[in-house]
Structures are given as structure tokens and as C-alpha cells.
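Grab a pencil and work through these exercises with the structure open beside you.

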Amino acid sequence: MASAPIPTLTMAYPNRICNQCGCVCDDIVLTVEAGTITHAEHACDKGRAWFLANHSYSAEGPKAWVKGQPFSLTAAIDTAAEILFHARYPLIFGLADLPCEAQRQAVSVADRVGACLDTTLSDEHGAFDAAFQEVGEVTCSLGEVKNRADLVIFWGTDPVTSHPRHGERFSLEAKGLFTPRGRADRFVVVVDVEETATAKQADLFLKIQKDCDFEVLWALRGLVRGVPLRESMQKQTGIEDKVLLEFSNRMKGCRFGILFFGPGLCATRGRQRNAEAALRLVKDLNDFTRFYAKPMSGPGNVSGAENVVCWQTGYPPSVHFGQGFPRYNLAEYSAKEVLSRGEADAAMMVAYDPKTPFSPAACKRLSSLPTILLTSHTENQLPLEIGFRPTVIILTALYGICEAGTVFRMDDTPLPLRPVLSSTRPFALDVLTNLEKRIQELQTQRHVAMKNEQGPR
Amino acid sequence: MALLKISQAIIHDPAQGINGSIGDLWIKDGILCSPPADLAQTPDRVLDARGLVAMAGGVDMHCHIAGPKVNLARKMRPEDKRQALPIRRTPNTRSGTVGSVPNTFATGYLYSGMGYTTALDAAIPPLSARHALQEFQDIPILDKGFLILLGNNHYALRQIAQGEAGRLRDFAAWILNASGAFGIKLVNPGGIENWKNGRRGMTDLDTTVEHFGCTARQIITSLAQTVMDLGLPHAAHIHCNNLGVPGNFDTTLATMQALEGRRAHFTHIQFHSYGGHPDDQSLFCSETVRLADYFNRNKNLTTDVGQVLFGETTSMTGDGPVGYYLSKITGRKWANSDTEMEAGCGIVPITYKEKSFVHALQWAIGLEWYLLVDDPWRIAMSTDHPNGASFLAYPEIIAQLMSKNYRDEILARVHPKVAEKSRLSELDREYSLNEIAIITRSAPARMLGLSNKGHLAPGADGDVVLYQPDHDRRRMFEFPRYVIKSGSVIIDNAEVRQTPAGQLFHVRPDHDHGAIPDIRKWFESFYTIGFDNYPVDESYFAKHCLVRCDGSLLT
């Protein structure tokens with residue numbers, strides 16, 4: 001059979017998915033010419049930068065290193081397996097920049113070696129999860145916002161910058177069944193400590209003092225329930241009492257309200273208590289109308305990781321398998337805490353993403369441990385500019401562009417990834433599957449050896 | 001492949017009219033078969049089943065084990081799992097957590113450990129079909145399928161309001177194909193849409209749905225007819241309006257009558273059998289007798305119970321407003337998730353207490369249903385897991401159904417008013433082992449239209465459970481001696497031996513492809529994911545079994 005000609009044709013791939021923010025836009029039309037993405041129609045600037053970046057990493061050159069030396073993939077996986085097999089307290093973290101299929105496999109490895117498992121080094125998700133476990137959450141999918149929302153609140157989040165197409169697709173201009181005029185059918189409020197890009201588009205901008213989110217939310221809870229302010233809050237919050245009262249009435253009077261909140265709420269003073277206050281306010285509002293809350297999640301498949309860890313262990317991330325079954329403790333078992341306490345005797349970071357760099361404390365601890373790094377975000381060369389030198393480095397194919405699978409949007413809507421480029425690098429799913437097989441072999445050998453040592457009964 | 005002989009078991013196979021006679025069962029390549037004609041052919045393995053009771057693998061036709069709602073409940077309730085014994089990792093099984101909402105692996109091990117080999121998740125929002133299918137891949141051993149929520153879907157409501165039966169049928173067929181679902185579920189038909197519009201749901205069957213103009217009655221009859229026209233293996237699966245509301249038996253009876261002879265399955269009927277008035281708890285009473293009387297006379301209807309048992313559990317439902325009311329009553333945390341393609345969801349922790357009049361009456365009403373329905377082939381055991389209780393409570397329910405004395409003991413313990421407000425104390429019926437086999441496997445399999453499940457005739461799936469007979473019926477059904485799935489011994493003396501992947505049951509009804517452009521137009525105007533990104537492909541199915549609309553199977 002004659003070998004197929006190298007495709008020089010221009011190919012267009014519709015309905016492709018961008019994972020550069022929680023919007024997970026799935027209407028991108030990618031044009032591929034001679035193995036390179038040349039157009040990303042419908043993508044925002046962020047998405048375009050991602051798609052059009054050079055993904056045609058050289059087919060030549062090593063795909064894996066051990067202690068700085070190029071290794072075959074198999075040998076690198078063997079070394080990684082040895083590290084995790086011998087560790088008494090391994091830490092496995094990352095996961096966000098993977099399709100769910102590979103995340104499932106990563107949790108499987110963690111279960112097998114009794115690891116501490118966490119997603120990212122940030123603890124923003126932790127603040128929300130803690131609040132969620134206290135209060136619950138009245139929430140909805142983004143299509144419900146598009147079709148129904150007549151009051152949209154952004155609190156401590158600036159989607160125009162962080163989630164560029166959020167407004168166009170879901171929350172501002174989007175035209176839905178009961179919002180046929182789009183922006184004209186919605187009243188938009190931004191609450192923040194400074195005038196953000198989103199605030200410039202709002203119908204009402206409430207500029208609040210730094211670190212008083214909890215107080216404002218709690219006052220609103222009271223006002224919604226008809227409890228007047230005992231004393232003026234203007235000095236403390238920067239908002240006129242009258243404005244606060246009007247705002248509370250507007251919330252009660254809308255048909256369908258949605259409160260989007262972000263790091264400005266969950267990562268500042270009060271943290272989980274701020275998130276809790278927001279969730280309680282929204283819950284209370286359902287005595288009067290329909291009102292929903294939704295945290296704005298960051299880039300990558302963060303929602304997928306939360307869901308996968310949750311269905312495989314029963315708990316959201318920050319899970320410890322050390323006792324042979326899942327235990328959960330947000331503070332104690334978060335990767336950030338584990339590293340800052342100087343714990344763990346080996347670490348594997350699955351899917352390193354340069355957008356969320358390591359803290360100095362984490363780097364310090366990681367420098368002193370045998371470490372394994374799986375990443376798709378780099379050229380085929382060392383050193384990596386990440387702050388420590390991993391013992392084993394394995395380069396994997398880019399998910400979404402080269403690796404297929406499933407991702408979850410910020411509202412837990414699952415979507416299918418379909419690759420447009422081939423890659424000479426292995427898929428993360430295959431690396432993790434082979435890694436677990438190798439660990440299983442080592443465990444079986446040890447088991448047999450122990451049996452032989454005990455001798456016949 | 002392998003030939004397995006199960007030797008000299010006490011067989012209970014009501015589908016074949018076998019009631020406790022001793023015999024052999026043969027399984028070849030995972031399927032039950034006749035004894036080999038060639039007497040020289042020896043089995044690869046013989047299980048000595050002398051003294052053991054053999055039944056087909058259990059079938060749970062209505063539970064909540066996967067998908068966004070279940071996973072949200074896991075995330076919200078770490079405390080629920082910490083109070084339960086965990087499942088430890090072994091070389092060939094994954095670790096797990098239990099409580100009322102176990103993780104996926106524990107779900108597979110615990111169901112099969114109890115002798116269940118098939119379970120249907122009863123309420124998957126259309127938007128999350130892909131999520132449910134992924135979770136299914138992590139639920140080992142069990143054969144699975146799911147029902148998709150359509151009773152509040154905007155496209156469906158619009159077709160119903162306009163009397164477009166053809167378009168409704170094509171839409172239903174399209175979404176079953178696209179999502180990998182097994183059947184159609186209605187939850188509070190029309191009521192979720194009204195709730196989302198700030199109303200209190202549906203007061204009766206003739207309340208209209210805001211913006212759409214159709215009534216609950218029209219939704220129920222249209223979708224029941226659609227399911228029949230498509231020839232789906234399972235009837236329309238109905239969660240009636242007004243769940244949990246005192247006085248709701250009126251709505252339930254009206255729904256049964258509205259069907260005018262059409263096939264339908266009434267799920268968790270216990271929650272829909274209340275007399276009294278919403279504003280006066282003292283009037284709360286059982287109306288099972290009236291409903292069961294109508295049910296007994298109308299053979300087009302089937303039901304599962306949704307039994308309540310005492311203890312801590314998690315209420316989770318596609319009926320969003322129910323979550324709101326429960327959170328108001330209990331004052332506990334509340335998760336709600338409304339989605340496009342129109343479904344709702346409510347999750348609230350709940351503790352059923354013996355000394356609560358309402359809870360104890362709910363328990364009694366569930367038992368009344370089992371005891372008042374004449375034909376066990378039309379009633380399936382369920383707790384609406386985890387709503388009435390965890391699926392782990394099934395052996396306890398069996399014990400209660402098989403002993404009037406045991407029921408009386410419990411009745412004496414619970415709130416004293418229950419004895420006077422229900423008929424339970426007068427009902428002397430005790431289930432036989434064969435009747436238990438009917439309501440836990442044979443009947444649900446038949447209601448689902450799964451011809452390869454729920455019986456032990458040649459051609460059925462090689463799912464066999466061997467129980468050690470025991471006067472303590474709870475112990476007997478909690479710990480089967482062996483569980484065999486597709487011809488392999490999965491559970492041996494309460495130990496998991498193998499964890500094969502189960503199969504997925506789904507349907508692929510034909511439809512007019514000319515109807516697709518209109519669906520696409522609607523989808524692209526009002527939803528936020530691409531029409532072409534919605535359908536799941538077979539990579540999500542793992543091992544799957546297409547159940548043909550004429551009832552035959554295609555593996």
C-alpha cells in the first residue's frame with residue numbers, strides 16, 4: 001500500500017472546546033493547516049492565544065528524563081513506579097489540566113499507593129467547599145441564567161477579564177427564552193473593591209471597602225428578611241444604607257437572580273465565612289423568588305477533577321488514602337498544607353500548569369523529595385523553570401488539542417474533547433495506566449516475597 | 001469458555017413457576033443454559049449448592065446511584081460517610097466510603113454483595129447524561145441503565161401544548177438515542193417549570209404550566225402515549241405531582257385515572273399516598289387502601305414502593321421544590337440545581353425517627369402497599385435509594401414483609417398514633433420466599449422489559465444468588481453465600497472475588513430524521529452547549545446492551 005500523502009489541505013474542525021477558563025466554550029472552529037492551528041474562530045483573546053501557540057513540539061528529542069538525563073518512556077515510568085511504591089506517604093496533586101478519563105486513572109494510582117490526593121495548590125476551592133458543606137447551595141446551569149436571569153450579580157469577580165465570553169454566552173448580552181432582548185432584559189450589579197472592567201458594564205456598581213464582604217452580605221440577609229440596620233454601615237462598608245436597602249429589595253423583587261462570586265470573596269478576609277454568607281443570602285432569597293449562586297471556577301478541568309475525586313472517593317479533593325480508605329480533611333490534607341508542614345516523602349504532580357506557579361514553601365519541600373512531574377506545557381528540553389528539579393519528568397500530549405476525553409464546565413456540564421492535532425508524546429491516561437500496572441507488579445512481587453519468607457504453615 | 005454447574009440448589013424461580021424444588025443450574029459463557037445433552041461433558045467448575053436457596057440476581061429498578069445529583073450529595077455530606085465503616089483497599093478492589101451515598105466502587109460492591117446484579121438510576125437530567133455514563137464506568141459489577149427526565153423539558157412541553165404528537169415522539173426518540181438512556185421519567189410534570197417561575201408547583205392535574213399553556217394531565221398522557229408508540233421496553237416512569245404533600249393521594253389517583261388504560265409505572269408510591277391537609281398535620285393519614293384498590297383493578301399500572309426505614313439518610317430528587325420544602329421543615333442544609341434541557345434537583349439530609357408520627361406513618365404506608373397489592377408481579381421493592389433509606393435496607397424490608405410478628409414489634413415501638421391512622425396492624429399477610437423473589441428480581445425485570453434478567457430459564461444472564469436459609473431473614477439476604485454474575489463467582493462468603501465491568505442497557509428507537517432540524521434550531525437558540533456536542537458516543541458505554549424496542553436484546 002502506498003503511504004498516505006502528508007496532508008497539506010486546510011481542514012476546519014467545528015465544535016471544538018477551549019479550556020482556558022471555566023466557560024469551556026464549545027463552539028470554536030479550528031482551522032488546521034499543515035499540522036498547525038491557524039485560526040480559532042469564536043475564541044476570545046485568551047482562547048486564541050492558547051490555540052494559536054506553537055503546539056508542534058518537535059517530534060525529535062526525549063519525552064522523559066530521570067535526574068536530568070533523557071530516559072525512555074518505559075524506563076521513566078519504571079522509576080516513577082519505584083518512587084511511589086517505596087514511599088510511605090506519597091502526595092499526588094494537580095489533576096486540573098487533564099481530561100476526566102485521566103483524572104480517574106490518577107485517583108486510582110493514589111488509591112493503590114495510599115497517597116494524599118489533592119487538586120491544586122490553591123485553597124480557594126477549599127473555602128467554597130467548606131461553606132457548601134455547611135449550607136448547601138442553590139445553583140443552576142449557565143443555560144438557565146441565559147434563558148431566565150433578570151438580575152445578575154458579580155461579586156469579587158471580573159469575568160470580562162477572567163471569563164471573557166461569559167457575558168456574551170450566558171450572563172449579559174445572551175438572549176434566551178424569557179430574556180429575548182438580552183442585555184436590556186437584565187439588571188447587572190457588580191460588587192467589588194475597585195472598578196473592574198465588568199463594573200464598567202454594570203447597571204449598578206457597589207464599590208465596597210476592602211475586607212468587608214461578610215458584613216455587607218450579612219446586612220443584606222437581615223434587610224431581605226425585613227430586619228432593619230441597627231446602625232449605619234456606610235462608614236464600614238463604603239455603601240450608603242439607602243443603596244443597600246434598595247439592593248436588597250431589588251434582589252427580592254427580581255424574577256430570577258443569580259449571584260456569581262469569585263476569588264474576591266473566597267480568597268479574602270473571612271474566606272469560607274464569606275462564601276457561607278453568600279450561600280445563605282441566596283438560600284434566604286428563595287423564600288421570595290428564585291435565586292441562585294455560582295462560584296466562578298478557574299481555567300482547566302477543575303470541575304471535572306472535583307467531580308471525579310468525589311465519585312471515586314465520596315469526598316471532594318483533599319483526600320488521604322494512607323489508612324487504606326479515603327479520609328477527608330480540607331485543611332489537613334490539602335497539598336499546600338502538606339507541603340508547608342514539610343510532610344510527604346514523595347510527590348507526583350499530574351499535569352503541571354505554569355499558570356499556577358508553586359509557592360516558595362512548596363518548592364522548598366519539593367526540592368528535598370523524590371518527585372515526579374507530568375506536564376504538557378513545555379518544549380522538549382530542560383531545565384524547566386518551575387522552582388525545583390523533579391526526579392522524573394514525563395511530557396504528555398496536550399489535552400483538548402491532542403488528547404481526547406471529557407471536561408466539565410464551571411456549572412458541572414460535561415463536554416467532549418476531540419483532538420485536532422496528533423502528537424508524538426504519550427497521552428497522560430496511558431502514562432498513568434502503565435504507571436499503575438507497574439506499581440501493581442511491584443506490589444505483587446512484594447506480596448509473593450513476604451509469603452515465601454513466612455514459609456509454609 | 002467456561003461451563004459452570006450449580007448443583008442441587010433449592011430453586012426459587014417464580015417466572016418458571018419453580019417454588020423451592022431442588023435442581024441443578026448450568027451456565028455457559030455467562031448465560032444460563034440447559035444441562036448438556038452430552039452426559040460426558042463435564043463442567044469446568046461445580047458449586048455444591050446443597051441446602052442453599054438459589055434465585056436470579058436482584059434487580060433494583062429505581063435508585064439514585066450516579067450523576068450530578070448523587071455526586072453533589074456526596075460532596076455536601078462528608079459527615080454522613082465519616083459515621084459509617086469505610087471499605088478498605090485490597091489488591092483487587094478499590095477503597096470506598098459508605099453512608100447514605102456511597103462512592104461508585106462501594107456502590108458496586110455493596111449491591112452485588114447483597115445479591116443485586118442490575119440497578120437503574122431513575123433520574124438523570126438530559127444535560128448530564130455524559131456525566132452519569134462516566135460514573136457508571138466506575139460502578140463495577142452491576143449492569144446499569146438510566147432514565148432521562150423529560151416531564152419539564154421545554155421542547156417537549158411546547159409540542160404537547162401544540163398537540164404535535166409526532167414531533168414529541170421524534171424528540172423523545174432523538175434524546176434517547178443521543179443520551180444513551182434506557183427510558184423516560186416524568187418528575188412532577190410541569191411543576192418544576194412552574195417552580196422555576198416562582199410558583200409553588202402544580203396544585204392539580206389541570207393547573208397550566210406558565211408560558212407553555214399545557215397541563216400536567218396533558219404532559220402525563222402525551223408522554224405515556226409516546227413511550228407506548230415508540231414501543232420502549234419500560235413504560236413511562238412517573239413521579240407524580242405533589243410528592244410528600246398531605247392530601248396528595250387525590251393527585252395520585254387522578255393521575256392513574258388520567259392514563260385511561262395506558263401503561264405506566266408509578267414510582268415511590270409511598271410518598272404519594274397521603275390523606276389530610278397540607279396545613280394541618282393532625283389530619284395526616286394513610287390513603288393506601290383507596291389507591292391500592294384502584295391499582296389492583298387496573299392492570300396497565302405497575303409500581304415500586306419507596307419504603308421509608310428509620311435512621312439517617314439523604315433525600316435527593318429531581319423534584320426541586322420538594323428539596324426546598326424539606327429544607328424548611330428540617331432546617332438542614334439544602335442543595336438545589338436547576339438545569340437547562342429542563343430538569344430540577346433538590347438534596348437535603350433527613351433523619352427518619354420512630355417517634356415522629358409523620359415518619360412512622362410513612363413507614364407504615366410503604367408496608368401497606370406491599371401487603372395490599374394482590375399481584376406481586378406489579379409491585380417492586382424499592383427505598384427510592386437513598387430517599388426512604390439506603391438500598392442496604394432491603395434485607396430488613398424482606399424480614400418485615402415475611403413476618404407479621406416482627407412488624408407488630410416495630411409498630412409497638414413507633415409513634416402510637418400510627419396504629420390508629422393506618423391499617424398495618426390488621427394486615428396478616430406474610431410474604432413467601434417466592435413472593436420475595438418476585439418483588440426483588442422477577443417483577444422489576446419484567447416491568448423494565450429486560451427479558452434476560454429476573455429469572456433462571458436457559459437464555460437468561462448467568463446471574464445467580466445462593467443464600468444460606470436462615471430464620472433470621474435479614475441475615476439471610478444480607479450475606480448471600482455466593483453471588484454469580486454472568487457465570488463468574490463474584491462474591492464468595494461476603495468477599496469480593498472479581499470486579500468485572502457491568503453492561504449498560506440503553507434503547508435506540510427509530511425516528512424521523514426530518515424532525516432533527518427543528519430540534520437543532522431550538523437547542524441552538526436556548527441551550528449553551530453545541531447541538532453536535534450533546535450526543536454521547538459509544539466510548540462512554542463500555543460494555544453495552546442495546547435493548548430493542550421489540551424487547552429483544554442486542555449485545
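This is a predicted model: local features need pLDDT of at least 70, side-chain atom pairs count only at pLDDT 80 or more; totals for chains, interfaces and linings use all residues.

**Exercise 1.** Work out whether B:Asn493 counts as buried or exposed, and find what its phi is like.

*Solution.* Start with the place: B:Asn493 sits in the loop between β21 (488–492) and β22 (495–496) of chain B. Next, count neighbours: B:Asn493 has 10 C-beta neighbours inside 10 Å, so it counts as exposed. Finally, look at the backbone: phi of B:Asn493 is positive, about 55 degrees, although this residue is not a glycine.

**Exercise 2.** Describe how helix α5 and helix α6 of chain B are arranged.

*Solution.* Two packed helices are described by the angle between their axes and the distance between the axes. The axes of α5(B) (residues 154–161) and α6(B) (residues 165–179) come within 8 Å and cross at roughly 160 degrees. Angles over 145 degrees count as roughly antiparallel, so α5(B) is roughly antiparallel to α6(B). The crossing is left-handed. Now for who touches whom: B:Tyr155, B:Ala156, B:Gln159 and B:Ile160 of α5(B) meet B:Arg167, B:Leu168 and B:Phe171 of α6(B). Sorted by class, the residues of this contact are five nonpolar, one polar and one charged.

**Exercise 3.** Repeat this for helix α2 and helix α17 of chain A.

*Solution.* The axes of α2(A) (residues 73–86) and α17(A) (residues 428–454) come within 9 Å, crossing at roughly 55 degrees. That makes α2(A) oblique to α17(A), and the crossing is right-handed. On the α2(A) side, the residues in the contact include A:Ile77, A:Ala81 and A:Phe85, while those of α17(A) include A:Val431, A:Leu435 and A:Leu442. By class, the contact has nine nonpolar, two polar and two charged residues.

**Exercise 4.** Find what the buried residues of helix α11 of chain B pack against.

*Solution.* First pick out the buried residues of α11(B) (residues 320–330); among them are B:Pro321, B:Val322, B:Tyr324 and B:Leu326. Then look at their surroundings: the buried residues pack against α7 (191–196), β15 (311–317), β16 (334–338) and β17 (346–352) of chain B. Past the helix comes B:Gly331, with a positive phi near 70 degrees.

**Exercise 5.** Say how many residues of chain B are in contact with chain A, and which elements of chain B take part.

*Solution.* 45 residues of chain B are in contact with 51 residues of chain A. On the chain B side, the elements giving two or more residues are α1 (68–76), α2 (78–82), α4 (129–137) and β16. By class, that side has 14 nonpolar, 17 polar and 14 charged residues.

Methods. Residues are numbered from 1 along each chain as its sequence is written. Chains are lettered from A and ligands numbered from 1 in the order in which they are written. A residue is buried if 20 or more other C-beta atoms lie within 10 Å of its own, exposed if 12 or fewer, and partly exposed in between; C-beta atoms are placed from the backbone. Helices (H or I, at least four residues) and strands (E, at least two) are DSSP runs, numbered from the N terminus. Two residues are in contact if their C-beta atoms, placed from the backbone, lie within 7 Å. Axes are lines fitted to C-alpha atoms, for helices over the stretch in contact, and angles run from 0 to 180 degrees between N-to-C directions. Angles under 35 degrees count as roughly parallel, over 145 as roughly antiparallel, 65 to 115 as roughly perpendicular and the rest as oblique. A crossing is left-handed if the near helix is turned anticlockwise from the far one by less than a right angle, and right-handed if clockwise. Ala, Val, Leu, Ile, Met, Phe, Trp, Tyr, Cys and Pro count as nonpolar, Asp, Glu, Lys and Arg as charged, and the others, Gly among them, as polar.
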